[in-house]
Amino acid sequence: MPSKHLPVLQNLLDFMSDDTREWVWNKLSHLEMGYKKEIETGDLNKFHLINKYTPTSSSLTQLKCQMNLMHFVAGPCGNILSIVEEEISSIIAYALAISEEQGIYSEAAFEKDELLSRRKLDKVAPSNLARGTSMPSSVISSKESLEKDHSLLNNTSSLSYEESTSGFYDSFLSALKDMHPEICLNSEKLGLKSKYTVVSVYARQFYELRKICCPSELVYISSISRCKLWNAQGGKSNAFFAKSMDDRFIIKEIKKTEFDSFLKYGLEYFKHFSESQVSSNPTCLAKILGIYQVKEIRNGKEARTSFMIMENLLFGRNILRRYDLKGALFSRYVADSTNPESVLLDQNFIEDMRTMPIYIKGKNKNFMERALWNDTSFLCNMNVMDYSLFVGVDKQKKELVFGIIDYLRQYTWDKQLESWVKTSLVVPKNLSPTVISPKEYKLRFRAFMSQYFKSVPDG
């Protein structure tokens, strides 16, 4: 051992009592097992000396900061992850670890819930309900099954008021609760300042989607267990943005209107992705991998906030330029385009295509347009507008990275009012406002992308 470390080691040994010296010299694997057991029971007395000891080395100071954090165990191998109350993704990661431990996503749980749901519905009105019309619980959910689910409400007309309210609707609400499980965190065990409850929206469907997109659920939980605030350039909503520490995922606060919109068309979202997986129809929707509502109770006050976790399209990329394109020209220009981190807009893109054009092969443009056509048709059918095509130019790999983002907002009455006001009072007559009907938005979006992305013959 280097001599410079001997004073530090002696300082630590002097601090320790005779009883605690014994376990320090145990094998690391034995220490790890002991630490995991004490985390699970919420008792860390044996490791208290680490928290009280003040090291003199900078590297040991960083170790002490890590030891001061609260921890939880995740995964079958008992991975130890940190939880930081100020980082919202930590709270979500802990909730998902609890879900994994409880086996909410297991095949046995799927089958059990489906069987219970069928039994509940059969007890209400076996003659009026078609066989197998329980609430959908798989990723692939056809339009026909959705229509069957909505028809259940109509099929209760022959029931008495007491039967329909006490039987069918209880089962209906129970099925919805299973679809969006609520996970209560053991705040006292971890010593958290607030009490937390996390609602995992379409938990099983997102779980199945993550199985396709992520190496494992544990990798996803580990990544989002720590996050850092991120000042996303180009955003106008002043919403909370963060990135996971490894840059793989983006955590964004979403509005209640966006949260409610996804609740309405969420099943069709999973159907769209599943059809893309099994067919030759490409998609370029930036993948949303989880939507959560976090309820916090502190000092008797309750607050609910909704969050979306999505893939970072630019992960591992050396990006030279980045654009947020809506196909609109009014108020779509960034004056200071010298900052390499700035997200440029439609008018900047048109200017750059004149001086620094981006050429893509004909085959690649055809693929891009097919993906855009498929996705914009889907979003139009879901009554969604105001989405963007996010584009990044990878300088090192000489590649174009793109994906449709911000597609949670449906065309509701307030958006219609915004469109009317801008059209009447603000926007010049030769331009259209950013917010227009989903069908008009789709057509304008497609026309812009086809016109300004230049192609060259395949070599």
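Two strands pair if DSSP finds at least two bridges between them. In this predicted model, strand S5 (residues 227-229) and strand S6 meet this condition, since three bridges join them and they run antiparallel. Within this pair, Lys228 stands opposite Lys243 in S6.

Strand S6 (residues 241-244) is covered on both faces: Phe241 and Lys243 are buried on one side, and Ala242 and Ser244 are buried on the other. S6 also pairs with strand S7 (residues 249-254), again in the antiparallel sense and over three bridges. Here Lys243 stands opposite Ile250 in S7. S6 and S7 form a hairpin with four residues between them, and Asp247 in the turn has a positive phi of about 70 degrees.

Two packed helices are described by the angle between their axes and the distance between the axes.

| Helix pair | Angle between axes | Distance between axes |
|---|---|---|
| H6 (residues 88-102) and H12 (residues 217-224) | roughly 155 degrees | within 8 Å |
| H15 (residues 362-381) and H17 (residues 438-452) | about 170 degrees | 10 Å |

The angle of roughly 155 degrees makes H6 roughly antiparallel to H12, because angles over 145 degrees count as such. H6 passes H12 in a left-handed crossing. Ser89, Ile92 and Leu96 are among the H6 residues that meet H12, where Tyr220 and Ile221 are among the partners. The residues of this contact of H6 with H12 divide into seven nonpolar, two polar and two charged.

For the other pair, the angle of about 170 degrees makes H15 roughly antiparallel to H17. The contact includes Leu372 and Trp373 of H15 and Phe445 and Met449 of H17. The residues of the contact of H15 with H17 comprise six nonpolar, three polar and five charged.

Methods. Residues numbered from 1 in each chain as written. Predicted model: local features only at pLDDT ≥ 70, side-chain atom pairs only at ≥ 80, totals over all residues. Heavy atoms only, no water. Axes fitted to C-alpha atoms, helices over the stretch in contact; angles between N-to-C directions. Helix = DSSP H or I, 4+ residues; strand = E, 2+ residues; numbered from the N terminus. Parallel < 35°, antiparallel > 145°, perpendicular 65-115°, else oblique. Left-handed = near helix turned anticlockwise from the far one by under 90°. Contact = heavy atoms within 4.5 Å. Nonpolar A, V, L, I, M, F, W, Y, C, P; charged D, E, K, R; others polar. Buried < 20%, exposed > 50% of the residue type's maximum accessible area, 1.4 Å probe, protein only.
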